[in-house]
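Trainee: I would like to go through this fold with you. Could we begin with the term we need for strand partners?

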Amino acid sequence: MTLTTPKTCPCGNDLTLDSCCGRYHHGDTAPTPEALMRSRYAAFALGLSDYLLTTWHASTRPNSLPPDPDTEWKALTIVAAEPPLANAGYVHFRAFFYERRRERGRWHVLEEVSRFTHEEQRWWYVDGTPTLTRLKPRRNDPCLCGSGRKLKVCCGE
């Protein structure tokens with residue numbers, strides 16, 4: 001008999017995927033804008049385009065969201081997530097990713113203040129103001145995935 005270790009949630013909480021964002025991916029309603037933000041990040045990391053479209057407000061939702069196999073989402077940092085006021089909420093986050101293009105990969109950070117609205121007894125992602133910054137970490141710098149190990153022995157380049 002082989003035992004498998006439950007997969008840790010990509011959103012950065014120290015919970016398993018099933019007990020964290022996975023439950024939202026399977027139909028539970030995210031109770032706060034931060035929970036929805038985390039579950040959407042995890043969906044990006046796992047390639048769950050249908051979930052992303054399902055949680056996107058109809059007024060700003062794109063028709064499709066093709067997967068990007070060249071992007072590896074590595075870490076999420078919530079900078080600020082104030083308690084929502086009435087039917088509006090905001091989450092400021094940074095998402096670190098590695099993009100494989102041509103023969104070399106590149107590190108980036110996507111920073112955004114996302115706007116959420118509460119309608120029909122659930123939270124919806126509306127939009128955000130993103131900024132994209134290319135990072136140039138060195139081999140001996142801490143890995144951007146948040147593991148605490150050096151980049152060269154963790155996610156490497």
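Mentor: Two strands pair if DSSP finds at least two bridges between them. Please keep in mind that this is a predicted model.

Trainee: Which residue of β4 does Thr-117 stand opposite?

Mentor: Thr-117 stands opposite Trp-124 in β4. The two strands concerned, β3 and β4, pair in the antiparallel sense over 13 bridges.

Trainee: How many bridges do β1 and β2 have?

Mentor: Strands β1 and β2 pair over eight bridges, again in the antiparallel sense. One example is Leu-76, whose bridge partner in β2 is Ala-95.

Trainee: In what order do the strands come in the sheet?

Mentor: The order is β1-β2-β3-β4, with four strands in an open sheet and antiparallel pairing. Strands β1 and β4 are the edge strands, each pairing on one side only. From one strand to the next, the twist averages 25°.

Trainee: What lies across these strands?

Mentor: Helix α2, residues 33–46, lies across β1, β2, β3 and β4. The helix runs at about 165° to β1.

Trainee: Is Ala-86 buried or exposed?

Mentor: Ala-86 has a relative accessibility of 76%, so it counts as exposed; the cut-off for exposed is over 50%.

Trainee: What about the loop between β3 and β4?

Mentor: Glu-120 lies in that loop, between β3 (104–119) and β4 (122–135). Glu-120 has a positive phi of about 55° and is not a glycine. With a relative accessible area of 65%, Glu-120 is exposed.

Trainee: Changing topic: how many aromatic pairs does the structure hold?

Mentor: The structure holds six aromatic pairs. One of them is Trp-56 with Tyr-125: the ring centres are 5.3 Å apart and the planes are at 80°, so the pair is edge-to-face. The pair links distant parts of the chain, with Trp-56 in the loop between α3 (49–54) and β1, and Tyr-125 in strand β4, 69 residues apart. Both Trp-56 and Tyr-125 are buried.

Trainee: How are the rings of Trp-73 and Phe-97 arranged?

Mentor: Their centres are 4.7 Å apart and their planes are at 45°, so the pair is tilted. This pair also links distant parts of the chain: Trp-73 is in strand β1 and Phe-97 in strand β2, 24 residues apart. Phe-97 is buried, at 7% relative accessible area.

Trainee: Where do charged ends sit over rings?

Mentor: The charged end of Arg-40 sits over the ring of Trp-56, 5.0 Å from its centre.

Trainee: On to the cysteines. How many disulfides are there?

Mentor: The count comes to zero disulfides. Cys-9 is in none, and the nearest cysteine sulfur, that of Cys-21, is 3.5 Å away. For a disulfide, the sulfur atoms would have to lie within 2.5 Å. Cys-9 is buried, with a relative accessible area of 4%.

Trainee: Last topic: what is Ser-49 in contact with beyond its sequence neighbours?

Mentor: Leaving aside neighbours within four places in sequence, Ser-49 is in contact with Leu-65 and Pro-67. Ser-49 is found in helix α3. At a relative accessible area of 17%, Ser-49 is buried, since the cut-off for buried is under 20%.

Note on methods:
Residues numbered from 1 in each chain as written. Predicted model: local features only at pLDDT ≥ 70, side-chain atom pairs only at ≥ 80, totals over all residues. Heavy atoms only, no water. Buried < 20%, exposed > 50% of the residue type's maximum accessible area, 1.4 Å probe, protein only. Phe/Tyr/Trp six-rings, centres within 6.5 Å; stacked < 30°, edge-to-face > 60°. Lys NZ or Arg CZ within 6 Å of the ring centre and 35° of its normal. Axes fitted to C-alpha atoms, helices over the stretch in contact; angles between N-to-C directions. Contact = heavy atoms within 4.5 Å.
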